[in-house]
Amino acid sequence: KGVYKDATVLHEDQKCLAFREVDPVTNIHFIVIPKPGVWTAGQDMRNLEQEHKSLMGHLMVTAVNIAKVVGLEKGYRTLVNNGCAGVKPHQEGQLMI
């Protein structure tokens with residue numbers, strides 16, 4: 001879908017899209033992003049407000065569920081990237097495992 005058209009989709013629902021990183025840093029590396037139009041503040045976490053709590057919780061629960069499915073029961077690291085100033089520039093806010 002757009003920029004992510006070559007990625008393997010792991011999960012999709014009305015609020016988010018989760019997919020394997022096309023250029024992974026680790027053996028298991030996936031990303032969960034809010035779908036366009038769901039995040040009314042624009043896909044930039046600097047604009048998060050109280051009304052976004054449910055969406056952010058949904059992204060985290062989705063990531064946890066995918067982690068279980070892909071075999072990360074011993075643990076994993078979760079990162080949140082936002083904007084172009086991150087280590088690897090990202091135009092949108094995203095959750096990575």
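1. The accessible surface of the protein chain amounts to about 6200 Å² in this predicted model. Carbon and sulfur atoms account for 55% of that surface. Of the chain's 97 residues, 33% count as buried.

2. The secondary structure consists of one helix and five strands. In sequence order these elements follow the pattern β-β-β-α-β-β. Among contacts between residues at least 6 apart in sequence, 42% join residues at least 24 apart.

3. The largest nonpolar core has 10 residues: Cys16, Ala18, Phe30, Val32, Leu55, Leu59, Ala63, Ile66, Ala67 and Leu72. Strand β2 (16-20), strand β3 (30-34) and helix α1 (53-69) each contribute at least two residues to this core. Its largest share, five residues, is supplied by α1. Apart from this core lies another one of five residues, including Ala7, Leu17, Phe19 and Ile31. As a general background, nonpolar side chains tend to be buried together in soluble globular proteins.

4. The structure contains one salt bridge. It is formed by the side chains of lysine 35 and glutamate 12, with an N to O distance of 2.9 Å. Lysine 35 belongs to the loop between β3 and α1, while glutamate 12 belongs to strand β1 (residues 9-12), so the pair ties together parts that are 23 residues apart in sequence.

5. Lysine 35, at 22% relative accessibility, counts as partly exposed. Glutamate 12 is also partly exposed, with a relative accessible area of 35%.

Terms used:
Residues are numbered from 1 along each chain as its sequence is written. This is a predicted model: local features need pLDDT of at least 70, side-chain atom pairs count only at pLDDT 80 or more; totals for chains, interfaces and linings use all residues. Side-chain values use heavy atoms; hydrogens and water are left out. A nonpolar core is a set of buried Ala, Val, Leu, Ile, Met, Phe, Trp, Tyr and Cys residues joined through side-chain atoms within 4.5 Å. Buried means under 20% relative accessible area, exposed over 50%, partly exposed in between (1.4 Å probe, protein chains only). Helices (H or I, at least four residues) and strands (E, at least two) are DSSP runs, numbered from the N terminus. Contact means heavy atoms within 4.5 Å. Accessible areas come from the Shrake-Rupley method with a 1.4 Å probe; for residues, only the protein chains shown count as cover. A salt bridge is a side-chain nitrogen of Lys or Arg within 4 Å of a carboxyl oxygen of Asp or Glu.
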